[in-house]
Amino acid sequence: MHCKRSSDRAVLALTLLGMLIFVSSCASEVIPKELEGQVDCKVTFLQLKEAPATYTGRMVVLGGEVLSAKRGNDSTRIEVLQLPLDSSLEPVPDRTTSQGRVLAIQKAFLDPATVPVGTRVTIIGEMTGTTTLPIDDVQYTYPTLALRHLKVWERVQPGGRSPMSIGIGGGVGGGGGGGFGGIGAGVGF
């Protein structure tokens, strides 16, 4: 009887380990390998906003929600409502946590249709200074980044739920043995 429980625990442990490996392998890399050593993840949006000249030339990571994307003669300008990033560098969905707006300029062709309004993004870019543009009746000064990498996130389902879910279950079997009935795990999309 003791052997049976030990093997059941081993199976459970291996299943959980397999699930962790599966989930982590599905997670996309936000900062490309070629930019890893160049990105200063400690620089905050407020620091860029308050002292832009101090950070000019620095590679930073910011995130948020696309407010507009416009193609110009030689670049695409993406206006983003800044949102804090979670531990996986994904913008949080709560717009009330925003501290302002940022502009990301892509020099190579980027079709604005690929980043429609409401798209959540993580931006890796080099701080180039500021740009002042009107928002309604006031002039707003945007921290401005030369876009180096853009991570587009899946749309959040209503209620803030991701379209993917993971479930793990277990059970106790009958049949006279009184032993462990089995375990189950699944991933739903």
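# Salt bridges, rings and cores

Colleague: The side chains of Glu29 and Lys33 meet in a salt bridge, 3.6 Å from N to O. How many salt bridges does the structure hold?

Modeller: The general idea is that side chains of opposite charge can pair when their charged atoms come close. The cut-off is a side-chain nitrogen of Lys or Arg within 4 Å of a carboxyl oxygen of Asp or Glu. The structure holds seven such bridges. This is a predicted model, where local features need pLDDT of at least 70 and side-chain atom pairs count only at pLDDT 80 or more, while totals for chains, interfaces and linings use all residues. Residues are numbered from 1 along each chain as its sequence is written, and side-chain values use heavy atoms, leaving out hydrogens and water.

Colleague: Which residues are linked with Glu29 in a network of salt bridges?

Modeller: Lys33 and Glu36 are linked with Glu29 in that network. Relative accessible area (1.4 Å probe, protein chains only) sorts residues into buried, under 20%, exposed, over 50%, and partly exposed, in between. Lys33 has 58%, so it is exposed, and Glu29 has 44%, so it is partly exposed.

Colleague: How should I read the elements of the protein, and how many helices and strands are there?

Modeller: Helices (H or I, at least four residues) and strands (E, at least two) are DSSP runs, numbered from the N terminus. The protein has three helices and seven strands. From the N terminus on, the order is α-α-α-β-β-β-β-β-β-β.

Colleague: Which parts of the chain does the salt bridge between Arg58 and Asp40 link?

Modeller: The closest N and O atoms of Arg58 and Asp40 are 3.8 Å apart. Arg58 is in the loop between helix H3 (52–55) and E1, and Asp40 is in the loop between helix H1 (2–26) and H2, so the pair links distant parts of the chain, 18 residues apart. Arg58, at 35% relative accessibility, is partly exposed, and Asp40, at 21%, is partly exposed too.

Colleague: And Glu65: is this residue buried or exposed?

Modeller: Glu65 has 13% relative accessibility, so it counts as buried. Glu65 forms a salt bridge with Arg95, the closest N and O atoms being 3.1 Å apart. Glu65 is in strand E1 and Arg95 in the loop between E2 and E3, 30 residues apart. Arg95, at 43%, is partly exposed.

Colleague: What does Thr119 touch?

Modeller: Contact means heavy atoms within 4.5 Å. Not counting residues up to four places away in sequence, Thr119 touches Gly64, Glu65, Val66, Val152 and Arg155. Thr119 lies in the loop between E3 and E4 and is buried, at 7% relative accessibility. The backbone oxygen of Pro116 lies 2.7 Å from a polar atom of the Thr119 side chain.

Colleague: How are aromatic rings read, and how many aromatic pairs does the structure hold?

Modeller: A pair of aromatic rings is described by the distance of the centres and the angle of the planes. Rings of Phe, Tyr and Trp (its six-membered ring) pair if their centres lie within 6.5 Å; planes under 30 degrees apart are stacked, over 60 edge-to-face, and the rest tilted. The structure holds one aromatic pair. Tyr140 and Tyr142 form it, edge-to-face, with 4.8 Å from centre to centre and 80 degrees between the planes. Tyr140 is buried at 17% relative accessibility, and Tyr142 is buried at 2%.

Colleague: Which residue lies over the face of Tyr140?

Modeller: A charge sits over a ring if NZ of Lys or CZ of Arg is within 6 Å of the ring centre and within 35 degrees of the ring normal. Lys49 lies over the face of Tyr140, at 4.2 Å from the ring centre. Lys151 lies over the face of Trp153, at 4.7 Å.

Colleague: How many residues does the largest nonpolar core have?

Modeller: A nonpolar core is a set of buried Ala, Val, Leu, Ile, Met, Phe, Trp, Tyr and Cys residues joined through side-chain atoms within 4.5 Å. The largest one has 22 residues, and those with the most contacts inside it include Leu48, Ile78 and Leu145. Elements that each supply at least two residues of this core include helix H2 (45–50), strand E2 (76–82) and strand E5 (138–152). Another core, of nine residues, lies apart from it, with Val30, Leu35, Val61 and Ile124 among them.

Colleague: What share of the residues in the protein is buried?

Modeller: Buried residues make up 31% of the 189 residues. Among contacts between residues at least 6 apart in sequence, 58% join residues at least 24 apart.

How values were computed. A polar contact is a pair of N or O atoms within 3.5 Å; within protein, one must be able to donate a hydrogen and the other to accept it, and residues adjacent in sequence count only if both atoms are side-chain atoms.
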